[in-house]
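Below is my note on the model. The points cover aromatic pairs, helix contacts and backbone details.

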Amino acid sequence: MAHRSDDQAPSLLGGFGLSPEPPAVHAKVLRDELVAAAEWAAQYLSELPQSPVTRPLPPQVRSRLRTGQLPQRGGEFGGVLDFVRDEIAPYPTGNGHPAFFAWVNSPPAPAGIVADLLACAVNATCGMGENALMDLERGTVRMLADLAGLPDGAGGVLTSGGSMANLLALATARTWFLTRRGSADGAAFDRDHARLTLYHSAQAHMSVAKAAACIGLPAHRLRPVATDPQDRLDPAALRAAVIADLDAGLLPFCTVTTLGTTATGAVDPLEPITDLCRSVGMWHHADGAWGGLGAAVPTLAPHYVGVGGIDSLTVDPHKTLSVPVGCGALLVPDPEHLHTAFAHQASYLTAGEPDALPWLSHATIELTRPGTRALGLWATLHHLGRDGVTGLIEHYLALADQLRERITAEPRLHLLAGGPWPVVCFRIADPDLGDPDALHSRIARRVQDNGRAYLATVAVHGRTVLRAALCNYRTTTGDLDLLIREVLHAADDERPA
């Protein structure tokens, strides 16, 4: 049944004539559509736990979405809600569902949903000029830096996610390093840039290598460093790699540690790596897209000793805090390093007040930037408070412990070591089911296809294992029991008839 408003909206083109009118909609029509959209969104979210985690996208729907044909005449204003309800919402990734365990993709926080709508209405850009949302971004970045354990005076910028934050971090590290050598431009830049070498954990997120490629570092000058038995970057192996490259005439310029690895939730040691970076003149960037706020949690804080001494930190509020997707952050103890890397001038972009702070576009590569990030993050933090942030992460840690207990108690399953972040890796302990790597891939697919739970696989120490990430505030112990049942049911289906 198509959705309709009582009052028809004026056309964007004046009754489809030749004289365009401003893109306005009558206030009552807009209000009615917003109310209808809000009612639908609330119902959609409330019904998610009873719905399948995912549904296959029918070929005809996929074809319609991909065709991209713009009709000659405009459609009805109310058709937006109809389209989302019928063509988009029935086929989600699944990360809103409490039985979704596949990746670190959180459901949207209620406060963030409201804030996104309001920020879209205000529609201020957080790149240039002076407006309230840009100052709000400065404030919320400061809140994040404080939660992360960075020193007073730290700042940064919100990004689309961890991948963009890592890119900005490596570009900043490069500028810092070459500027200190006096080779930020000209022939000296060409000479030194061709010798820059980057170090990262063998467990680093793939966005680090992608970011390195974007700033012009070839793969042969990236050094994946070996990890210890707890999957943490080994400082001794890092030192050996750096010394070997220095002896070869290369320029080690940056080491990237990981706070909460994707595969097992490991946290790299910070202090010894910072000490090494200082001794040879390297930048220390920590990729904490998932685990960047661990210093705020008492049980995790011992893993974050020395976090205040790093040079930059990636945090993803849309992972750890359930801010709606599109909110990451790059945090730096000294914001001036970002301005050195990214501030560019143009005659048509000048601050109106002589004492104005640097525009946020001077701290990133974006000029036009959405205010949804700042308001969505502020609203979520305002709703949680410091205790709520800690409690949310502790909730995930408790769920992970409970899932580990269930796996340990099940004779047919084998738990692998991991943590401290809430990810649980395990295997089917049944040698009669054939090649274990292929088996676990098939079991994950069966669980996904059944639609009642969703988990993925990952390679740990060269073996394919099942992996469950706990990052949904709606997940309960009942969902953990459901996951175990679904995995065992999928394993039973693998047995020959």
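How many aromatic pairs does a search of the whole structure find? It finds seven aromatic pairs. Rings of Phe, Tyr and Trp (its six-membered ring) pair if their centres lie within 6.5 Å; planes under 30 degrees apart count as stacked, over 60 as edge-to-face and the rest as tilted.

The model is predicted: local features need pLDDT of at least 70, side-chain atom pairs count only at pLDDT 80 or more, and totals for chains, interfaces and linings use all residues. Residues are numbered from 1 along each chain as its sequence is written, and side-chain values use heavy atoms, with hydrogens and water left out.

1. One of the pairs is F100 with Y454: the ring centres are 5.2 Å apart and the planes stand at 25 degrees, so this pair is stacked. The two residues are 354 apart in the chain, F100 in the loop between α3 (79–88) and α4 (110–122) and Y454 in the loop between α14 (436–450) and β10 (456–460). Helices (H or I, at least four residues) and strands (E, at least two) are DSSP runs, numbered from the N terminus. F100 is buried at a relative accessible area of 2%, and Y454 is buried at 12%. Buried means under 20% relative accessible area, exposed over 50%, and partly exposed in between (1.4 Å probe, protein chains only). F100 and Y454 form one aromatic cluster with W103.

2. Another pair is W290 with W421, whose ring centres are 5.7 Å apart; the planes are at 50 degrees, so the pair is tilted. W290 lies in the loop between β5 (283–288) and β6 (312–315), W421 in the loop between β8 (413–415) and β9 (423–428), so parts 131 residues apart in sequence are tied together. W290 counts as buried at 5% relative accessibility, and W421 is buried at 1%.

3. The loop between β8 and β9 also holds P420. A cis peptide bond joins G419 and P420, with omega about 15 degrees.

4. Helices α6 (residues 162–181) and α8 (residues 206–214) have axes that come within 9 Å and cross at roughly 50 degrees, which makes α6 oblique to α8. Axes are lines fitted to C-alpha atoms, for helices over the stretch in contact, and angles run from 0 to 180 degrees between N-to-C directions. Angles under 35 degrees count as roughly parallel, over 145 as roughly antiparallel, 65 to 115 as roughly perpendicular and the rest as oblique. In the contact (heavy atoms within 4.5 Å), S163, N166, L167 and L170 of α6 meet S207, V208, A211, A212 and C214 of α8.

5. Helix α2 (residues 59–67) and α3 have axes that come within 11 Å and cross at roughly 135 degrees; α2 and α3 are therefore oblique to each other. V61, R64 and L65 in α2 meet F83, E87 and I88 in α3.

6. D231, in the loop between β3 (222–225) and α9 (235–247), has a positive phi near 65 degrees and is buried at 4%. S322, in the loop between α11 (317–320) and β7 (328–332), has a positive phi of about 65 degrees and is buried at 1%.

7. T179 is in helix α6 and counts as partly exposed at 40% relative accessibility.
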